[in-house]
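Dear colleague,

Please find below the structure that I am passing on to you.

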Amino acid sequence: MHFNALPDVIAGSIVLAGTYTLVALGWVLLVRASRLFNFATGQFMALGAYVTYALASRGLNFYVSVLAGLLIMSGLAGLTYRGVIRPLVGRPLFSAVIVSLGLATMLTPAMMIIWGPVPIRWQVPFNDSVYHLPAGIVLSLFGIVTAAVGGVFWLLVTVFMRYTRIGVQMRAASENALLASQLGIPVDLIFVLGWALSACAVTLAGTAQAIIGQLSPGLAELGLLGIAPAMLGGLDSIRGAIVGSFLVAVIQGLLTLYGTPQLGEVGVWAIILLVLLIRPYGLFGTPAAARA
Amino acid sequence: VNGVEVAPIAGATRRRPKVRWRRWTAILVAIAVLAAAPYIAPLRLVTVLDLVALATIGAVALNVLSGVAGQVSIGNAAFMAVGAFTTVLVVDYAHLPVFVAPIAAALAGGVVGVIVGLPALRIKGWYLGVSTLAAQFIVVYIAQQWQIKTVGPAGFQLPIPLDLTGADLTKLWYWLFVPPAILCVIAMRNLLRTQLGRQWSMIRVHDDAAALLGVNVARSKLTAFTLSSMVIAVQGCLYAYYVGVVTADLFTFNLAVSYVAMIIVGGEGSAIGSVLGAAFVTAIPFAVDQAVGLFPQAPTALLSDVFSIQLLLFGLLIVAFVLFEPRGLVGIGDRTVRWWRSRGRA
């Protein structure tokens with residue numbers, strides 16, 4: 001097709017992979033922390049971006065807005081867990097999933113009512129610039145920052161899970177909550193923390209996408225697509241999140257290039273269906289995760 | 001020993017005719033009311049009843065799969081689309097007689113149901129919900145592409161082969177939708193008492209234990225998926241005729257969620273609950289319209305948000321019912337009846 005198509009695909013995939021890494025971590029952290037699945041994760045992504053935008057557009061310093069957005073969304077996620085998910089402990093897992101589906105259904109129209117259905121172009125106080133990399137790859141500064149934020153966040157989560165006391169406790173709690181609590185681990189607090197971290201990841205992803213593209217409730221759909229990299233990598237695997245993100249981003253990029261953006265998205269859903277059929281626990285996940 | 005055994009049976013046989021008589025009266029009255037409804041009730045109400053009956057078919061099918069067999073599904077819209085577009089294929093393209101359409105829809109729905117249900121053999125719970133979600137986006141995409149390449153945004157015309165308009169049409173829908181809906185409700189009630197129904201319940205409660213007790217879990221799950229998607233596809237066929245113009249964007253994710261709302265609000269695993277849920281959820285848009293109509297001076301922003309408000313209510317209902325009334329409207333009904341009886345006793 002196009003002669004210079006491949007560099008574009010690579011450039012696009014790098015940025016998309018950065019976003020997907022964050023979104024996939026949003027899904028994986030929930031499973032890692034509480035063995036749960038929050039269908040409202042996509043909506044949290046859009047909401048996080050809107051909250052950050054609302055703060056920044058009121059004259060607050062950009063970095064402070066991002067930080068405040070992360071804090072607010074962490075609080076909201078923690079409250080969601082304590083308020084509507086925690087009371088369902090002991091009931092079938094079905095219930096918690098359905099509640100999160102209900103939340104997802106509520107949040108999209110709520111955002112439409114508050115901020116309107118028209119996409120917002122976010123004017124950030126920085127100038128975007130373009131970098132020409134070898135092999136004809138062209139990346140924008142915002143794209144590079146997005147990919148970098150994804151990478152750094154992933155690295156921080158990896159270190160946190162592996163080397164900090166709370167991270168290890170989180171892994172223990174997800175492995176066996178009852179046993180963990182008997183060993184004195186504050187399971188409930190750990191779960192809240194997991195939900196908060198997940199919200200932080202998707203808020204960063206939403207903010208980045210809102211700045212690169214535009215801010216609309218439709219960001220939630222990208223968040224939902226983030227199930228694909230999470231599942232391909234393995235829903236309980238932090239390492240899998242980054243690998244899955246790259247694979248999915250490249251496939252989506254190629255399908256978008258040689259087909260249409262819609263084909264790209266449907267391709268991602270097809271990946272999900274294939275993963276579920278062939279290897280439900282993904283590339284790096286543990287088989288137990290699929291038996292939740 | 002003999003006397004002890006005989007006594008309650010004798011009592012039961014003595015009481016039975018009375019109960020049976022009461023029950024038959026109730027059934028006859030119900031049939032009479034249902035048969036008279038389209039001729040007595042105001043047209044607007046009959047329209048709502050049509051929609052409730054249509055929704056009931058899908059709600060029952062989802063309730064068997066999710067509420068009874070415990071397999072999470074957000075795939076109603078996808079299976080409806082399969083049924084609707086199969087109908088288009090059969091009637092508009094193959095030019096086969098109308099009665100072939102629901103049969104073909106059921107077959108196509110069954111095939112897609114098996115594909116979507118296959119992951120259920122290896123995975124559980126919310127993983128499965130994701131698989132039906134994937135089906136939703138894939139099916140709608142294929143339908144969209146087909147539509148773009150053939151008829152475009154105008155959609156596929158699907159006229160009914162009868163010369164009816166207005167009130168007569170509303171009555172026709174009533175007779176086309178209500179009997180299958182009642183059939184579905186009765187079939188679900190009866191299914192629950194069969195071996196298959198009990199196997200499904202067991203799989204929902206504990207599928208490892210079910211397997212241990214000799215239930216062929218894989219086969220039962222696939223049967224549930226196939227049966228459910230076949231019924232939903234037939235519903236999609238009826239829906240296609242009802243709307244008259246089939247487009248891919250009729251079958252949204254929100255439509256699928258509204259069916260989840262129906263079984264949660266009505267009562268998981270309950271046949272009557274499916275009807276109550278279908279009625280409740282179907283009535284919401286009408287209620288919101290009425291409520292907004294009460295405020296003629298309402299800001300235009302509010303009027304344009306009617307759809308958002310409906311969605312917001314769907315979500316709110318799902319959350320509220322799961323948290324506070326997991327047995328749904330059926331649970332509320334049961335409790336009200338018990339309260340009424342205990343009040344009479346005291």
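Rings of Phe, Tyr and Trp, the last by its six-membered ring, are taken as a pair if their centres lie within 6.5 Å. In this predicted model, such ring pairs join Phe85(B), Tyr93(B), Trp146(B), Phe156(B), Tyr239(B) and Phe251(B) into a cluster.

Aromatic pairs

Over all chains, the count comes to 24 aromatic pairs. In one of them, the ring centres of Phe37(A) and Phe39(A) are 5.2 Å apart; their planes stand at 80 degrees, so this pair is edge-to-face. Phe37(A) and Phe39(A) are both buried.

A pair from the cluster in chain B is formed by Tyr93(B) and Trp146(B). This pair is tilted, with 5.6 Å from centre to centre and 45 degrees between the planes. Because Tyr93(B) belongs to helix α3 (residues 76–93) of chain B and Trp146(B) to helix α5 of chain B, the pair ties together parts that are 53 residues apart in sequence. Tyr93(B) has a relative accessible area of 41% and is therefore partly exposed. Trp146(B) is likewise partly exposed, at 25%.

The interface of chains A and B

Between the two chains, 36 residues of chain B are in contact with 43 residues of chain A. The area buried between them is about 3,700 Å², and carbon and sulfur atoms give 81% of it. Of the area that chain B buries against chain A, 21% is supplied by Arg122(B), Trp126(B) and Tyr127(B), more than by any other three residues.

On the side of chain B that touches chain A, the elements giving two or more residues are α5 (126–150), α9 (253–266) and α12 (306–324) of chain B. The largest share, 11 residues, comes from α12(B). By type, the residues on this side of chain B divide into 28 nonpolar, four polar and four charged.

A buried serine

Ser228(B) is placed in helix α8 (residues 217–243) of chain B. Its relative accessible area is 5%; since buried means under 20%, Ser228(B) counts as buried. The side chain of Ser228(B) reaches the backbone oxygen of Ala61(B) at 3.1 Å. Leaving aside residues up to four places away in sequence, Ser228(B) touches Ala61(B), Leu62(B) and Leu65(B).

With kind regards

Notes: Residues numbered from 1 in each chain as written. Chains lettered and ligands numbered in written order. Predicted model: local features only at pLDDT ≥ 70, side-chain atom pairs only at ≥ 80, totals over all residues. Heavy atoms only, no water. Contact = heavy atoms within 4.5 Å. Buried area = accessible area lost by both parts, 1.4 Å probe. Helix = DSSP H or I, 4+ residues; strand = E, 2+ residues; numbered from the N terminus. Nonpolar A, V, L, I, M, F, W, Y, C, P; charged D, E, K, R; others polar. Buried < 20%, exposed > 50% of the residue type's maximum accessible area, 1.4 Å probe, protein only. Polar contact = N/O pair within 3.5 Å; in protein donor to acceptor, adjacent residues only side chain to side chain. Phe/Tyr/Trp six-rings, centres within 6.5 Å; stacked < 30°, edge-to-face > 60°.
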